[in-house]
Amino acid sequence: MPKPAEHGRLRIVSTRRRAEVSAELFRPAEQQSSLFDAEDPWLIVFACVPDLPEGAFRDLMRYSEPSFVFDLRLAPRFDIGTLNRQRVFEIFDRIHTVYVDTTTPLMGGADREQVIEQMMRKLPQKGSDARRPIVFLHSHGEGSLASPLEILSILKHSERRLHVVSVPESE
């Protein structure tokens, strides 16, 4: 079982092995302390796609059931094992997930900061979508619009308590 690290309002959980994606990763660590405790942690998942085998990618989607998948990769591809773009979008449809290719505006001339700002405005703040996980797909190094650390730096200013899962374990 992954070992969590606590940092104030931020809880980070990383997988220890590449294929270790289980339903327990996406459950809050503590139970609600009272009936009036209104805020559930905001589950943010960072998935490094080049390091995920097909089974781990499928399990990630099945167990987390994210409301949104934000693809930060500059070259978003889904040729993972027997998966392809069509099969991955069928998975998204089945679990009612909205996929956002965040890098498309870059092709239209938008700058990186504008694109990140637009993406952050799309994050659900209230309602049932805000209670479901948010997944950020990324690549290694310069292969993404922003790194998980950059996204976390922006999100930590939110009023919401964050529970962060990295699949597989981040560098």
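**Charged pairs, core and a buried threonine**

User: How many salt bridges does the count come to?
Analyst: The count comes to 7 salt bridges. A salt bridge is a side-chain nitrogen of Lys or Arg within 4 Å of a carboxyl oxygen of Asp or Glu. This is a predicted model: local features need pLDDT of at least 70, side-chain atom pairs count only at pLDDT 80 or more, and totals for chains, interfaces and linings use all residues. Residues are numbered from 1 along each chain as its sequence is written, and side-chain values use heavy atoms, leaving out hydrogens and water.

User: Which residue meets Arg62 in a salt bridge?
Analyst: Asp59, with N to O at 2.8 Å. They are 3 residues apart in helix 1, so about one helical turn separates them. Helices (H or I, at least four residues) and strands (E, at least two) are DSSP runs, numbered from the N terminus.

User: Is Asp59 buried or exposed?
Analyst: Asp59 is buried, at 18% relative accessibility. Arg62 is partly exposed, at 48%. Buried means under 20% relative accessible area, exposed over 50%, partly exposed in between (1.4 Å probe, protein chains only).

User: What does Glu117 form a salt bridge with?
Analyst: Arg121, the closest N and O atoms being 2.9 Å apart. Both sit in helix 4 (residues 112-122), 4 residues apart, so about one helical turn lies between them. Arg121 is exposed at 59%. Salt bridges that share partners also join Arg112, Glu113 and Glu150 into one network.

User: New topic. How many residues has the largest nonpolar core?
Analyst: It has 25 residues. Phe26, Phe57 and Leu137 are among those with the most contacts inside it. Such a core is a set of buried Ala, Val, Leu, Ile, Met, Phe, Trp, Tyr and Cys residues joined through side-chain atoms within 4.5 Å.

User: Where does the largest share of this core come from?
Analyst: From helix 1, with 4 residues. Apart from this core lies another, of 22 residues, including Ile44 and Val115.

User: And Thr102, where does that lie?
Analyst: Thr102 lies in the loop between strand 5 (98-101) and helix 3 (104-107). Thr102 is buried, with a relative accessible area of 3%. A polar atom of its side chain lies 2.6 Å from the backbone oxygen of Asp71.

User: What else does Thr102 touch?
Analyst: Beyond residues up to four places away in sequence, Thr102 touches Phe70, Asp71, Leu72, Val115, Met119 and Leu145. Contact means heavy atoms within 4.5 Å.

Technical notes
Polar contact = N/O pair within 3.5 Å; in protein donor to acceptor, adjacent residues only side chain to side chain.
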